[in-house]
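Hi,

Here is the structure I promised to pass on. Have a look, then read my notes below.

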Amino acid sequence: IRPAVFGHRDTAQGPEYMVASESVALDALGFRLDRDIAPGECVVLTEDGQIFTEQCAENTELTPCIFEHVYFARPDSIIDGIAVYKARLRMGEKLAEKIMREHPDHDIDVVIPIPDTSRSSALELANHLGVKYREGFMKNRYIGRTFIMPGQQLRKKSVKQKLNALDLEFRGKNVLLVDDSIVRGTTCEQIIEMAREAGARNVYFASAAPAVRFPNVYGIDMPAKEEFIAHNRSTEEIAKEIGADWLVYQDIEDLVEACLEGATTDARSFDCSVFNGEYVTKDINDEYFRRLYELRADASKTLQVIDNEAIDLHNETES
């Protein structure tokens, strides 16, 4: 599910090898990308520079996680022969086509990305709509990814610290905000509020990915499905919940097509479980999610106790 690449570089002492999750890690250190690690393959690098590979599973199928291309990977990465940047451009193109189908008489004045991963999609979307593209939010580089932060209060506080709106790009305009995806909805709700406070007349919202309705269980710390804003809600209900005048999601078929177009490897399908609930290992059921929800609830309680203890210690020290 998770990607891995293998590369090497030549030195005076002989070849050096490296395994990484993205090709940019190889590029930055002067390694050459040799190939992607195959599904079920084990790679062992020894301290004296030897390399051993072994295919440890039979009847494997290349089914990489599509969320890498939507959000996690850097745009200059190449994963399974797919250029992430080009895939995101195509996501924007297909999203523009859907907007034209659903809102042919739109009155969008400007397209503004929510930094950083949506920039490529937003730029191509604006080009295809024939609308201005502008940077309307300045990002604080020292705040991490908010959707995986523990605790709602911390997430809400971090969004305000993370982005600042440029009033001149919003005032009196009908604005289309573009994000890579919507998970809990905390971020986009606050960003829409910021856009209105900056003077936007109408605020529309577009997601380069389909609605996230199911947790990822293969290595990404995502919330339980009950915490997703799309859980048991229609697109219209989600738009109302986040405060958008209208909302457009990417279709899953278009997302897959955007990623597969131009692929140079034999990748023909993806794990899209966060969107459709179809898990490639076929062993994820309601009981699994029930237990996962309980574990997360226990972890949240523990975190709250730690936070309270830290606050008490601070108060005692101050007094």
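Predicted model: local features only at pLDDT ≥ 70, side-chain atom pairs only at ≥ 80, totals over all residues.

Start with Glu169. Leaving aside neighbours within four places in sequence, Glu169 is in contact with Val110, Ile112, Arg134, Glu135, Gly136 and Val175. Glu169 is found in the loop between β11 (163-165) and β12. Is Glu169 buried or exposed? Its relative accessible area is 12%. Buried means under 20%, so Glu169 counts as buried.

Next, the open sheet. It has 5 strands, in the order β9-β8-β12-β13-β14, and the pairing is parallel. β9 and β14 (247-249) are the edge strands, each pairing on one side only. β8 and β12 run parallel and are joined by 4 bridges. Val111 has Leu176 in β12 as its bridge partner.

Now the helices. α3 lies across β12, β13 (202-207) and β14, and runs at about 130° to β14. Helix α7 (residues 235-242) packs on the sheet too, touching β13 and β14. The direction of α7 makes about 125° with that of β14.

Helix α4 (residues 119-129) has several buried residues, among them Ser120, Glu124 and Leu129. The buried residues of α4 pack against α3 (84-102), β8 (110-113), β9 (132-133) and β12 (174-179). Just after α4, Gly130 takes a positive phi of about 70°.

Last, the hairpin. β1 and β2 form it, with 2 residues between them. Strand β1 (residues 5-11) and strand β2 (residues 14-20) run antiparallel, joined by 7 bridges. Gly7 stands opposite Met18 in β2.

Best wishes

Terms used: Residues numbered from 1 in each chain as written. Heavy atoms only, no water. Buried < 20%, exposed > 50% of the residue type's maximum accessible area, 1.4 Å probe, protein only. Contact = heavy atoms within 4.5 Å. Pairing = 2+ DSSP bridges. Axes fitted to C-alpha atoms, helices over the stretch in contact; angles between N-to-C directions.
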